Amino acid sequence: METSALPYRQKEMGKKAWIVTWRKRIKKIKAENESVDDSSFKRESINACRFGYSTSSPPVKHLSLARIEKDGVDKERRSFIKGASVSLAALLLGIASAERFFTPKSRNSAVMSSYPKAILVDARGNPITLAQIPSATTSSASYPIMSFNYPLQDEPNILLRLHGIKIPGPGVIYDGRDSIIALSGICQHLGCTVPLLDYHPHGSIPFEAELIGYTGTNWPEYGLLFCKCHGSQYDPTKGKDNLYNSGPAPSPANHSLPVILLETDSNGFVYANGINPESAVIRGHLWQPDGEVHGSLVESENLSGGTELPFDSELNMYKTIVTSSSNGPWPEG
Ligand code: FES
């Protein structure tokens, strides 16, 4: 391009001669580009001459624009769209890869190699004793929700003490009068957790259970664990076979709530030390292909997808904090 030369050449040639010159140029360019739309061509060529494009080098860029107008195809726009598409694809890929930030890295990889032995403590870290766990009787009108995480940090369980009944199965502490049992607080239907899943003694029928026909006459005397999400019911007095009726939690009874193995010592301290291998697995542990499997597979496959319990170096063991909805029976931190 000779844009800088224009004023000088125009001055040198005089206005008339300059007009003659650029008319000749237009004619020449037109002859070389017969297929180009005439009006666009003229406009571009006039611009070319006005702004000093050389005749020997036609205003290629402007001519190409003229062709673009004729063909209705905007190659620059197409390039832009292509570039934008590539950028969008890259962005989507980025979003897809961001998914890994929301998926626990530990999923499908073991967090712990076996069930830990964990002492049940209050919020201050003091061990809870058997005597501190309140009882539910056949006439109780309320009962606190007591829950603790086990075997991993994000797996709640419900702690119960039922007065005057012996619940069958290993892992249930029977002190000669009451049974103390811990059941998974993750519903076997779709995984609702405490407090949506909680225990209701005989005198405390949840409103949602009344909606499906429960009354004071058919609500069991030791109550039920009831899931308010879709109405699954679990009878704690049945131990590992606690699935109660035809609620949406699927049969057979191996979809009962898993039973956490509890132990006690001479101090009356309480420990969680495994899951009854005859129980169902905690929901989500064996997602597939054999989600109903009991026994040894539970041991080998379940400790993944979560966080390890805290280890107490003073007690030299894992610990799990029991929280109570009643601000007691032990002092909250
Ligand atoms: S999640 Fe508990 S009944 Fe559906």
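Where is the place of P151 in this chain? P151 sits in the loop between β2 and β3. This is a predicted model, in which local features need pLDDT of at least 70, side-chain atom pairs count only at pLDDT 80 or more, and totals for chains, interfaces and linings use all residues. Residues are numbered from 1 along each chain as its sequence is written.

**Overview**

- The chain has seven helices and 13 strands. Both are DSSP runs numbered from the N terminus: helices are H or I with at least four residues, strands are E with at least two.
- Of the 333 residues in the chain, 31% are buried. A residue is buried if 20 or more other C-beta atoms lie within 10 Å of its own, exposed if 12 or fewer, and partly exposed in between, with C-beta atoms placed from the backbone.
- Take the contacts in the chain with a separation of 6 or more: 63% of them link residues 24 or more positions apart. Two residues are in contact if their C-beta atoms, placed from the backbone, lie within 7 Å.

**Strand β9 and its partners**

- Strands of a sheet pair through backbone hydrogen bonds, either parallel or antiparallel. Here, two strands pair if DSSP finds at least two bridges between them.
- Strand β5 (residues 178-184) runs antiparallel to strand β9 (residues 259-264), and two bridges join them. A182 has I260 in β9 as its bridge partner.
- β9 also pairs with strand β10 (residues 270-275), in the antiparallel sense, over four bridges. Across this pairing, E263 stands opposite Y271 in β10.
- β9 and β10 form a hairpin with five residues between them. In the turn, G268 has a positive phi of about 85 degrees.

**The largest nonpolar core**

- A nonpolar core is a set of buried Ala, Val, Leu, Ile, Met, Phe, Trp, Tyr and Cys residues joined through C-beta atoms within 7 Å.
- The largest one has 54 residues. Those with the most contacts inside it are L120, I158, L225, L262 and A272.
- Strands that each supply at least two residues of this core include β1 (118-121), β3 (156-163), β5, β9 and β10.
- L262 is in contact with G171, V172, I173, I180, A182, V270, Y271 and A272, leaving aside its neighbours within four places in sequence.

**An open sheet**

- Three strands form an open sheet in the order β6-β7-β8, with antiparallel pairing.
- β6 and β8 (233-234) stand at the edges, each with a single partner strand, so one side of each has no neighbour in the sheet.
- Four bridges link β6 and β7.

**Backbone details in loops**

- The peptide bond between Y150 and P151 is cis, with omega about -5 degrees.
- Another cis peptide bond runs from V194 to P195, with omega near 5 degrees. P195 is in the loop between β5 and β6.
- N316 has a positive phi, near 55 degrees, and is a residue other than glycine. N316 lies in the loop between β11 (311-312) and β12 (317-321). N316 counts as exposed because it has 7 C-beta neighbours inside 10 Å.

**A link across the sequence**

- I321 is in strand β12. I321 is partly exposed, because 18 other C-beta atoms lie within 10 Å.
- I321 and F148 are 173 residues apart in sequence, yet 5.7 Å apart in space, C-alpha to C-alpha.
- Not counting residues up to four places away in sequence, I321 touches V121, D122, A123 and F148.
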